[in-house]
Amino acid sequence: LERLLGDPNIAISARAAAVIVHFGKEKNAHEILTQLLKKDDINSKRAAMGAIREISRNSKAALSFHVDPILDVLEDASPAVRRDAVQVAALLDGETVYAAIANHLADEDAEVRRSASESLKQAWAQSRSVVLPFLENKRGVVVSAALDAIPVGAEDALVPLRSYIQREVSS
């Protein structure tokens, strides 16, 4: 299996990394996936993120992937790569991750904004501290995306929502 990590076909290499992690040899697989994330090629980045998603789905433990390569890919020029990166970043944990995802509520691409909203909504307990300030400081599609990130019935969002509505009505 480990020789497949070096396969010239990136899909095979990424899939081999996912299988190797399943068998407990994370270090080598993480190195390959990090290399794929750092390439300029969109397909390499997307294959690596697909493998990371698969690893997360098949793992009973928390995902133990390094955050920095994922955060770097969040700033990629390709909307498809940013969309994938938002979804993969949501599998990781930490306020830095949620803040980086929340920044994509202002992304120029509507699908990236939608992915960011959905990811933040699914992790509301951890992400609310980075989402709610968007209601106070932003306008337009950014506020719309932030509103979409608030789950129905989120009582802890009532006061900020009330303030937002009052500002909107008064202006």
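**A guided tour**

The accessible surface of the protein comes to about 9,300 Å², of which 50% belongs to carbon and sulfur atoms (Shrake-Rupley method, 1.4 Å probe; for residues, only the protein chains shown count as cover). The model is predicted: local features need pLDDT of at least 70 and side-chain atom pairs 80 or more, while totals for chains, interfaces and linings use all residues. Residues are numbered from 1 along each chain as its sequence is written, and side-chain values use heavy atoms, without hydrogens and water.

Now select Arg-83 and Asp-109, a salt bridge whose closest N and O atoms are 3.5 Å apart (a side-chain nitrogen of Lys or Arg within 4 Å of a carboxyl oxygen of Asp or Glu). The two are 26 residues apart, with Arg-83 in helix H5 and Asp-109 in the loop between helix H6 and H7. Arg-83 is partly exposed at 22% relative accessibility (buried is under 20% relative accessible area, exposed over 50%, partly exposed in between; 1.4 Å probe, protein chains only).

Move on to helix H7, where Glu-111 and Arg-114 lie 3 residues apart, about one turn of the helix. Their salt bridge brings the closest N and O atoms to 3.0 Å.

Finally, select Asp-156 and Arg-128, whose side chains meet in a salt bridge of 2.5 Å, N to O. Arg-128 belongs to helix H8, whereas Asp-156 sits in the loop between helix H10 and helix H11.

Terms used: Helices (H or I, at least four residues) and strands (E, at least two) are DSSP runs, numbered from the N terminus.
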